[in-house]
Amino acid sequence: MTKSIRQSTLETLGLGSAVDIFRNGKLPVDANDMVDQVFGKANDRGSLVISGANGIVGAGKMMQLTAKLEPFDVRSISLSRPRTADGIGPHYPGLVDAVGKERADRIMGNIIRMTYDGKSLPADLKRWNPRFLLESIPELLDIKKAHYKIFRDAFPGIEIRSVTSGFPSTELGVGVAHPAFPHQINKVWEIVEKETSPVTQLLWALGLVPIPVSDDWSFVLDVMFCGVTLAGLRYHRATNMPFWKIDKFVRKFVGPNPFRAHDVIGADGANFLTWSCLHHLSQKYGALFKPTPELDERRVTGQNWYPLNHFRPLVNWPMNGDDEREFAGWIQGALFQMASLMLHEQRGHLSHINAIGELRAQFRRGLLAMIRGIGAETTIKTVEAYHQLHGEAAKGAWHPEVFEQIESPEWQQLYVNAEHDGNVGVITISRETYNYDVDAELNRAIDWLKNENISRVIMTGDFHLATQMVGADTSEFYAALEDPEAGRRLASDWSATARRLNDEFQVSVGYVGGKRCLGGFLELLMHCHYVVAHDGAVLGMPEVTLPVLPGMEGCHWPFRKADRSHWPKLVAMLLSGTPLKANEAVGWLIDYSGPRQDSLATAWKLAVGEVTNVTARPLNEGPLQDIPTNVSVPTAGSPAMEATRETIMATIQDSCGVVLPEALEVQARHCGDFLASPPCKKGAIGAEYARTMKV
């Protein structure tokens, strides 16, 4: 029996637990088997049909799903009305850039294009045996229902999902698979169905991210994204601040640029969809969601929010502290009230609701993480202050009681979960970048396992929301650009957390199961006694290219675990930032790499103490001498990179040159000093800080 801090998000997909995955030595479902279930066996393989395939959504999902399904001999049928502009062809150059011309041609060759009159289906469609319809036609309910009928009449038993932007499944009469923009690359789908279907499990098996949500008007993404747009519009009406400037302040306080995003998606369609979501929400929940006249107008005109020649470079609109607090009240007050509604309706697993804001709406921190960070009392006061600004919003859809549960495990462990079977624990992280929220939750997960008397642990991604582990959240470095002590504290705190994996467990195994593990996450896993990766994973330390220093002991810990004959490889990796395949890193950076099932089984055997052919690399806690400095690396691309290399090399020498207990502070001091230095301030992180926070 598996015990966990909170429900695993895998369980919401009917896929069991992370402990099950390692104990069984395989993933819970296989793509080949799921393709057979959805599309039929190889000798009777059916096809995917996407209707409205020339639209923004349909064309994007056509490219994504065809690329995923082409290796399984599933044909993709593009079904569109006559005279619609080609939405698929323009994706070809990007596809070539992503996968190469040969593979791109094979994917495009798997798409069969058909047109229809909207009332009857092409006669030739039957020969392709349609098994799954993804509907992406205009948001008109009667037309959608008629569309489903002609497919069901022609192909009884066909699976149908709508990409609808707001209609509930109960209104449509079919399940919902609501995808995120950009549609050709974003992996997230909000799923509405009575119980987890083979279609949803197939999406997961193909490497996509299906997230089950409740059957309500609009979706979690749209409540957040349309909601933040509406909050910006209300502020515009109150102050006449231009939309481009509102975008800058929304980005500073929350993360996205809602008005610019509408223009990028295509204002004509995006304005209508945002209006439609808010209109239907307002009909059910009241004035909190009522569209403003500006949105009513642009629903009809399709006008961009950033018109040409809007004089943005010539005009500024500064704010003082009181102005910023009022602005935050308009934006955060509305969002926090909307969050209370979603929680009241139980629209999804709390980790799901939080992740959708980050993965889909570009929130810097998930909405629930933002609320947790300021606490229930401040959250309620923020919404009450918003009601002083927009009194009509107080008349409905406000549920402050939901914040009474903020100390529960579901609230406290939004990103990090821990499970155990009584012997081995598994810690999973569902965020692709490491930040202070993850750090705090990881410490709580370790504490929980220790209180459960678990001394053996596997540390990994969550097999669901995080398909990769790309390193530190660089927005956490912003304060350190102005204050070296903030950078020193960050490096010290996170490194202390990482050391717990080495110091406080009898056995710890870091497992890389996603497509890449970089930077701070690789440093975190390197603190485990063993590191295991599947052979398709890419590993790397790209800090020099940003530029920053490795902040979680990457400049000395791997040297202490490697034979000195491998030290030149470590120096070259740190100074170049060049990634490598997992199987190239065995013996000096990680301990084992193999096919998926072999790597899972090996990680479990190491954790339970079974005999394997993997030998632990001991940690040298003394000072290390003769670290090589004359290592061949490509020429630095800029003076900043050259300066960063010099600092990294100095950090390697200094932190390796002392005993382990002293090395943490030595490296943390170097990190703090460098983050506040000119090369870092002038680099990518400094530039992003200036664009985001200096407004």
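1. Glu553 is found in the loop between S18 and H23; helices (H or I, at least four residues) and strands (E, at least two) are DSSP runs, numbered from the N terminus. Phi of Glu553 is near 75°, a positive value in a residue other than glycine. Glu553 counts as buried, at 1% relative accessibility; buried means under 20% relative accessible area, exposed over 50%, and partly exposed in between (1.4 Å probe, protein chains only).

2. On the basis of the note: this is a predicted model, in which local features need pLDDT of at least 70 and side-chain atom pairs count only at pLDDT 80 or more, while totals for chains, interfaces and linings use all residues. Residues are numbered from 1 along each chain as its sequence is written, and side-chain values use heavy atoms, with hydrogens and water left out.

3. Ser218 lies in the loop between strand S9 (209-212) and helix H9 (220-239), and counts as buried at 2% relative accessibility. Most residues other than glycine have a negative phi, and most peptide bonds are trans.

4. S18 (residues 538-540) and S19 run antiparallel and are joined by two bridges, and Leu539 has Leu580 in S19 as its bridge partner. Contact means heavy atoms within 4.5 Å; axes are lines fitted to C-alpha atoms, for helices over the stretch in contact, and angles run from 0 to 180 degrees between N-to-C directions.

5. Arg617 is placed in the loop between helix H25 (596-608) and helix H26 (639-656), and is buried at 12% relative accessibility. Leaving aside neighbours within four places in sequence, Arg617 is in contact with Lys561, Ala562, Gly587, Trp588, Leu589, Ile590 and Asp591. A polar atom of the Arg617 side chain lies 3.2 Å from the backbone oxygen of Leu589. The side chains of Arg617 and Asp591 meet in a salt bridge (2.7 Å, N to O), defined as a side-chain nitrogen of Lys or Arg within 4 Å of a carboxyl oxygen of Asp or Glu. This pair links distant parts of the chain, 26 residues apart, with Asp591 in the loop between S19 and strand S20 (592-594). Asp591 counts as buried at 9% relative accessibility.

6. The salt bridges number 36 by this rule. One of them joins the side chains of Glu324 and Lys252 (2.9 Å, N to O). Glu324 lies in helix H14 (residues 321-344) and Lys252 in helix H10 (residues 243-253), so the pair ties together parts that are 72 residues apart in sequence. Both Glu324 and Lys252 are buried.

7. Another salt bridge is found between the side chains of Arg488 and Glu485 (2.9 Å, N to O). Both residues lie in helix H21 (residues 484-503), three residues apart, about one turn of the helix. Arg488 is partly exposed, with a relative accessible area of 21%, and Glu485 is partly exposed at 36%. Elsewhere, Arg365, Arg372, Asp437 and Glu441 are linked in a network of salt bridges.

8. Asn443 belongs to helix H19 (residues 436-451) and is buried, with a relative accessible area of 18%. A polar atom of the Asn443 side chain lies 3.0 Å from the backbone oxygen of Asp439. Not counting residues up to four places away in sequence, Asn443 touches Thr497 and Arg500.

Note on methods
Polar contact = N/O pair within 3.5 Å; in protein donor to acceptor, adjacent residues only side chain to side chain. Pairing = 2+ DSSP bridges.
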